[in-house]
Amino acid sequence: MRTIKQILLSLLYFVVFFATISAMVIIPYYNNESMGYQDASYRKSLAGKIDYIILGASQGQAGFIPKTLDEELGCYSYNLSIVLMPMHARKMELEQELSRNDVKTVVVEVSYDFLQLEAGHDAAVADERVLTRIDNWSGRFEYLTKHIRFDDWLNVYAHSFVTGIINMKTMYYNRGLNNEMNDSKGHLYRYKADITLTAEEAAAIHETKPYERNFYKDNYEVLKEILDICNEHGITTYIVCVPVSDAYVWEYSNLDDFLQWGQELAAEKNCLFLDFNLLKTRYEDFTDKESFSDKDHMSEEGAIVFTQRYIEVVKKIEAGEDVSGMFYSSYIDMIADSPYAK
Amino acid sequence: MAITSLSFILFIIAVFIAYFAVPKRFQWIVLLVTSTVFYLSYGIKSALYIFVTASTIYGATRWMQSITDNQKKYLKENKATLSKEEKSAYKDKNKKARKRIMVLTLLLNVGILCVFKYFHFALEQVNAVIGLFGGNQISDVYKFIVPLGISFYTFQSVGYLVDVYFEYYSAEKNYFKVLLFVTFFPQMTQGPISDFEKLSKELFTEYTLDYKNYSWGLQRMVWGFAKKMLIADTLAPMVKDVFTNYSQYTGITTLIGAFLYSIQIYADFSGYMDIMCGICEVMGIKLTENFDRPYFSKSIAEYWRRWHISLGDWFKKYIYYTIGMSNWSRKLATKTKDKFGKHLGNTVPATVALIVVWTATGLWHGATWAYIAWGLVNGLFIIFSLWMEPVYAGAKSKLKINDNNWAWQAFQILRTFILVTFIKVLPEVGTLSDGIGLWRQVFTNHVIPHTKMELMPYVNWKHNVDILAFLLAMFFTFLQFCASVIQNKQPVRAYFNKLPQVVRVFIIAVLVVLIASFGVQATWDAGGFMYANY
């Protein structure tokens, strides 16, 4: 009995110390909204205003500039995208915004591999960021238990604690000072990098990465649910693929299967699929030298041009014009014009 | 079920609760069930082989035991009627039968091990020979997934088989007890390679929950996780970077990378042992120790007596002594003694045995020429010091070097650590020529780095998380060094347990927070345990 008592006492001490140390670091991080992706309070303050939503991952976050959309389309847009944003988080955030805003348009940003993300390290990093975007502990607990695999709890804890420690000064003293991201309404500015391939590099990677529909089943189901929700609310929905670099496209094979998948999904869910990689002006508009920060993310220079092109296309669609002439009809045709093919 | 996962921690808690909740006579059954669950969590296919090994070893040992028992009974019953020659003939017949069973079982189990570990390597060599003569290469279409811990459990099982053959002890009657001996989860994947007689005493004794065991066991477990996750896994990507890019780095940068590798592999392997020994300690079970502060060794031979002790003991008992005690070895000893004197008479047969042992040790670690070379280099150092023993003794006496002098001891320790580091990296860089290339880089590139970025480019100096993680790794390496120094006089935990309980638990809680944060992040990039690949 004495042994049991001693063990229970030591466990009690342990739990108290562990919880206290963890709370001292994690609570300020979660509550003070000092990191760029923590915008719960800001979005709450925009309740009733938002009518145009971008729902995506890092490609969408870098590519869409809400302020330009607002000026040109006369809407009030917000870019909800964050790096590696899981599908269940997209659905959760969409539902939250629908509950407090009269949303007219939703852009669902998709990429070649966005449905392949499963539980594990990357998903845990993304889920941890989502947790910090939720503004109450019961919501966080619900998301943790419902959407995060048990073995990833440790990863989520690790990422929360380390981010908390590294940014402790920011957490304590710069409460709510993520204004840069708030000003950009969710858009993330990325610096340009010249990612042009040499002839040897291009030859070495050409068609080495086959596009495959090996989707993580849950992701695909949730994507369909998102599109259903949009339909139920009478929202105009565009499924959009933001341009990636020529180098990135050059690496893939079988991308026409991606195009077919997108078109089939859009037809099934009564919306439009717009793959801006196939824009006929892409080789003039976007160059690997200027328009990207890495192989599959736009730089600010690229994002400015892309947002304009997106607006042009959408305006034409809204005016009832046929935009199919603005796009290549297949990846095979598009890749044939690639600078790497010459 | 990864050892560093949350699932494993929950699994261990469940094992502890079940172990102490059941009546004591069933405690070993809890271990058997949980070991089976643990192994099955890695896949059923893999589990099949461990059951084949356990079953064949059980069958063979029981068969040999029945022959021995029947022989004893028969000889006792017919003591008066049998002549000396008849008794001898009867014994010989039985001995041959037992030998046949032992050899067949040995071939089967070592055969499985060889197919999984050495088939591709053997085929490569065959193809290389065919290539020399311009013949058609044999295509390697077989893709084997090496069963978890096969090198460890095969050696342990074979040891038991041979022990029963030599009648060191009787074969176990209960199949499930043999199954537990082979599959016991704390030691199945990376050892220690235990002796049946010793381990069975530990496994089948009944234990009561004891606060000291609980407390010391958990402390050791947490320290093991800290070594693995805060030291080894943090250093892993840096070491990988050095091994990949050594040709672009300066000699000093490469040398530091090699030393980091020595720290990494020790923290990784001994960390695993601490975790597993800690788990067992909570349950009252004492596992064979695999490390005895190996980096404080004064020679390569001593280092191998203190590093992966159970493997060294296995090779000594089953290979080295078997060769040393063989008739031809004795004849060789007699001949060399007659011709060259006592010293060489003893060292020549030992040299032959050592070459075999170290080639086998190299092969056990990996089916590559680099590992074979690594084994032979270790062996050659040991053989060289064996041959030179009288010369050393004479030189020391002339120079009046006292073995107990601390400076002499420090020199010996440092020299051994440097040598061990150079030998260790040989098979880890890639091919054998890569390993030699790294050595060459250390000795030929004399450029002096001027900044910390140049000195250690494998540390991400621009990223605060990485800098902090590296500093933590170095801090814990320093702590480990201090602990090893103290350990020489008294177990560190004896000092630690003099602290009040609340202080002890606070220190453990801080350690757990660091492991669960920086350690878990480091483990993302580093992957599993290094010795699980052997």
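1. The interface comes first: 27 residues of chain A are in contact with 28 residues of chain B, where contact means heavy atoms within 4.5 Å. The two chains bury about 2,600 Å² between them, and 80% of that lies on carbon and sulfur atoms. Buried area here is the accessible area (1.4 Å probe) that two parts lose on being put together, summed over both. Of the area that chain A buries against chain B, 21% comes from Phe17(A), Leu154(A) and Val162(A), more than from any other three residues.

2. This is a predicted model, in which local features need pLDDT of at least 70 and side-chain atom pairs count only at pLDDT 80 or more, while totals for chains, interfaces and linings use all residues. Residues are numbered from 1 along each chain as its sequence is written, chains are lettered from A in the order in which they are written, and side-chain values use heavy atoms, with hydrogens and water left out.

3. Four residue pairs, both at pLDDT 80 or more, are in polar contact across the interface. A polar contact is a pair of N or O atoms within 3.5 Å; within protein, one must be able to donate a hydrogen and the other to accept it, and residues adjacent in sequence count only if both atoms are side-chain atoms.

4. On the side of chain A that touches chain B, α1 (2-32), α6 (121-133) and α8 (153-166) of chain A each supply at least two residues. Helices (H or I, at least four residues) and strands (E, at least two) are DSSP runs, numbered from the N terminus. α1(A) gives the most, with 13 residues.

5. The largest nonpolar core has 160 residues, and those with the most contacts inside it include Phe8(B), Phe185(B) and Ile279(B). Such a core is a set of buried Ala, Val, Leu, Ile, Met, Phe, Trp, Tyr and Cys residues joined through side-chain atoms within 4.5 Å. Buried means under 20% relative accessible area, exposed over 50%, partly exposed in between (1.4 Å probe, protein chains only). Helix α10 (residues 251-282) of chain B gives the most to this core, with 16 residues. Not counting residues up to four places away in sequence, Ile279(B) touches Phe8(B), Ile12(B), Phe16(B), Phe185(B) and Met221(B).

6. Thr253(B) also lies in helix α10 of chain B. Thr253(B) counts as buried, at 0% relative accessibility. Its contacts, not counting residues up to four places away in sequence, are Pro449(B), Glu454(B), Leu455(B), Pro457(B) and Tyr458(B).

7. Helix α6 (residues 175-183) of chain B is mostly covered, with seven of its nine residues buried. The buried residues of α6(B) pack against α2 (27-40), α3 (44-77), α5 (150-165), α7 (185-188) and α8 (196-203) of chain B. The N-terminal end of α6(B) is capped by Asn174(B), with a side-chain oxygen 2.9 Å from the backbone nitrogen of Phe176(B).

8. Two backbone angles deserve a look. Most residues other than glycine have a negative phi. Lys185(A), not a glycine, has a positive phi of about 55°, and Asn270(A), not a glycine either, has a positive phi of about 55°. Lys185(A) lies in the loop between α10 (179-183) and α11 (199-205) of chain A and is buried, at 4% relative accessibility. Asn270(A) lies in the loop between α14 (255-268) and β7 (272-275) of chain A and is exposed, with a relative accessible area of 66%.
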